[in-house]
Amino acid sequence: MCGIIGVVGRGEVQSSLLDALKRMEYRGYDSAGICVRNSGFLTCRKEAGKLFNLEQSLAKSPLAGSAGIGHTRWATHGIPSRENAHPHLGAGVAVVHNGIIENHESLRKKLIADGVNFQSETDSEVIPLLLSTELGAAEFGTVEMAEAWQCTVEQLEGTYAIVALRAKGDDCLWFARRGSPLLLGRGAAGVYAASDALALAGLADEVLYLEDGDIGCISLSNVEIHQHGAQVERCWQSMPVSEQSSGKAGFDHFMQKEIFEQPRVIADILNAYVQGVDITFPEASLLDDAVLPNRIVMVACGTSYHAALTARYWLERYLQVSVEVDVASEYRYRNPVIGPDTWLITLSQSGETADTLEALRLFKSNTPDNLALTLCNVPESSLARESDGTIPLLAGVEVGVASTKAYTAQLAVLALLVLKIAYECRVMSEADTKRHLAAMRQVVDGMHVLLGHADQVQALTPLFDDIHGALFLGRGPCFPLALEGALKLKEISYLHAEGYAAGEMKHGPIALIDSRLPVVVLAARKYHLQKVLSNLREVQARGAKVILLTDMADQDIPDNVDAVIPLPEGDSFTTPLFAAIPLQFLAYYVARSRGTDVDQPRNLAKSVTVE
Ligand code: M6R
């Protein structure tokens with residue numbers, strides 16, 4: 001979702017603004033703009049569409065100046081257009097905003113009644129117009145600006161990360177954060193405010209994560225942060241993202257690179273968390289000697305939700321604990337009955353997903369004594385900071401909007417979590433724990449083998465020509481895999497796809513089946529194989545083309561299947577990790593064959609920071 005950058009530099013800032021915006025392209029956007037200050041004047045340049053359009057325009061006529069703000073906009077209020085793109089201007093001020101100003105209608109009406117003109121349809125434009133109204137026409141100094149800034153922000157309801165720049169009066173970036181991510185940075189060439197650390201790779205050496213409710217300003221010589229009217233100190237920490245981690249490393253797409261990184265990610269997870277039969281999560285040591293709770297609630301969105309669904313099978317089977325899994329956007333509004341002796345586990349790649357964060361807050365405010373754990377790929381994120389314990393996913397920066405390596409990292413960490421609790425609570429023997437851990441170690445090699453089958457999967461793309469949809473079927477832990485396979489295909493190829501529990505197929509989707517509905521069947525020896533094969537035959541009997549992902553021996557594979565993708569033989573924890581790779585390849589190659597924007601698919605955002 002929207003990406004924000006602000007720079008006060010020791011030299012020209014246009015190229016830093018553009019660099020940072022490029023690094024935030026992965027968040028998803030549909031227009032972009034920058035505003036630069038020069039000799040007491042603010043000049044904006046904005047374009048609809050990709051950043052390329054803005055770059056072209058700036059190449060023809062650059063903007064000079066040593067302070068500026070920039071923005072990639074993911075449209076919420078108003079179409080993607082130059083007028084609606086940020087930054088937005090008031091008299092002598094420019095503002096970029098991520099979030100939603102829920103009371104923008106009433107603020108807009110009030111401003112219009114006072115004679116103020118709006119240029120856009122956005123909710124965000126009320127911010128600079130309120131600010132310039134608070135400031136009046138005069139060129140006040142920093143003290144008056146601090147009051148006007150505070151007064152403006154206090155009138156806003158909803159969620160926001162905001163950075164404002166003045167034409168005259170001070171050399172500061174003015175910021176405020178509530179509900180949307182925002183951090184500050186400093187480096188040799190300047191000071192910064194940005195939506196994420198990746199934006200500042202190569203620019204900042206240190207970063208400071210703002211807390212919800214923080215408001216203040218940063219200049220080359222000073223940073224001031226206030227919370228509830230009082231000045232607060234926050235910690236600077238070393239920049240967590242290196243420049244190297246953000247490149248494509250010779251791959252055509254980030255998604256492709258990230259698919260190939262998966263064996264390394266799994267190896268890193270095993271090296272970091274497993275020593276012999278001991279599984280230790282350093283940042284969640286509160287799990288050591290844990291007593292099994294009465295109930296575990298898992299809440300997440302999208303792909304992270306699918307990982308949670310798979311873990312439910314493992315938790316129930318090995319721990320015999322009652323598990324509830326929900327999408328965060330439903331959980332937070334359905335008045336869930338939480339009760340004592342319940343753990344919450346949230347899962348998130350970004351750690352900034354608005355609904356997941358609110359679900360955590362709801363859980364903690366209802367039952368502060370219950371444990372809230374998160375499995376998150378960004379240990380500095382809001383979700384990680386607000387949870388009682390974090391297990392980092394160790395997947396490294398994931399840039400492709402379609403989540404791949406963070407998903408398999410979630411599955412691997414969840415498997416280790418189940419094994420750890422099962423062993424410590426003495427519901428799994430040492431021998432069984434060792435056997436499962438040995439199987440987990442096989443995943444690295446097995447994934448390498450599967451990555452070697454990329455061409456074989458690519459050869460299947462013609463099966464997805466001229467279709468009216470695709471169906472993915474699985475049972476047990478492979479059912480969430482079917483959901484994930486369908487989501488991947490939808491996201492990046494824009495084909496309609498549905499994942500279904502294979503046993504549910506007869507209750508509706510079977511009506512869709514014909515020769516133009518390819519069906520991907522996930523059939524694992526460990527999960528109800530014969531029942532899945534019956535479903536496969538029912539699909540074949542109705543003329544569908546079938547792609548079978550299976551770890552069955554060759555001689556057992558049913559006849560007349562249109563394509564078979566062999567999986568290494570897995571145990572109950574590892575099959576989902578294996579099956580993920582061909583599903584990701586399938587989506588990737590079908591998307592490529594259709595010429596879509598694989599890394600930044602239309603309408604999607606990497607980090608969904610508004611609900
Ligand atoms: O950062 P999160 O894991 O919380 O994000 C959740 C979803 O937005 C995310 O998984 C989304 O579904 C991806 N585009 C999936 O590829």
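**Exercise 1. Find how many salt bridges this predicted model holds, and examine the pair Asp 170 and Arg 166.**

Solution. Start with the total: the structure holds 31 salt bridges. Next, take the pair itself. Asp 170 and Arg 166 form a salt bridge in which the closest N and O atoms are 2.8 Å apart. Now look at accessibility, where buried means under 20% relative accessible area. Asp 170 has 9% relative accessibility, so Asp 170 counts as buried. Arg 166 has 3%, so Arg 166 counts as buried.

**Exercise 2. Work out which parts of the chain the salt bridge between Lys 506 and Glu 538 ties together.**

Solution. First check the distance: the side chains of Lys 506 and Glu 538 meet at 3.2 Å, N to O. Then place each partner. Lys 506 lies in the loop between β24 (497-501) and β25 (519-523), while Glu 538 is in helix α16 (residues 529-541), so the bridge links parts that are 32 residues apart in sequence. Finally, Lys 506 has a relative accessible area of 48%, which makes this residue partly exposed.

While you are here, look at a network too: Arg 177, Asp 212, Glu 358, Arg 361 and Glu 386 are joined by salt bridges that share partners.

**Exercise 3. Describe the surroundings of Gln 227.**

Solution. Begin with secondary structure: Gln 227 sits in strand β13 (residues 223-227). Its relative accessibility is 14%, so Gln 227 counts as buried. Now list contacts, setting aside neighbours within four places in sequence. Those of Gln 227 are Glu 211, Asp 212, Gly 213, Asp 214, Val 232 and Arg 234.

**Exercise 4. Characterise the contact between domain 2 and domain 3.**

Next comes area. About 2,500 Å² is buried between the two, with carbon and sulfur atoms giving 71%. Ile 259, His 306 and Tyr 313 supply 20% of the area that domain 2 buries against domain 3, more than any other three residues.

Then count the polar links. There are 12 residue pairs in polar contact, both at pLDDT 80 or more, and one salt bridge. Arg 592 and Asp 252 form a salt bridge, with the closest N and O atoms 2.9 Å apart.

Last, inspect the side of domain 2 that touches domain 3. Helix α8 (302-319) gives the most, with nine residues. The residues of this side divide into 19 nonpolar, 11 polar and two charged.

Technical notes:
Residues numbered from 1 in each chain as written. Predicted model: local features only at pLDDT ≥ 70, side-chain atom pairs only at ≥ 80, totals over all residues. Heavy atoms only, no water. Helix = DSSP H or I, 4+ residues; strand = E, 2+ residues; numbered from the N terminus. Buried < 20%, exposed > 50% of the residue type's maximum accessible area, 1.4 Å probe, protein only. Contact = heavy atoms within 4.5 Å. Buried area = accessible area lost by both parts, 1.4 Å probe. Salt bridge = Lys/Arg side-chain N within 4 Å of Asp/Glu carboxyl O. Polar contact = N/O pair within 3.5 Å; in protein donor to acceptor, adjacent residues only side chain to side chain. Nonpolar A, V, L, I, M, F, W, Y, C, P; charged D, E, K, R; others polar.
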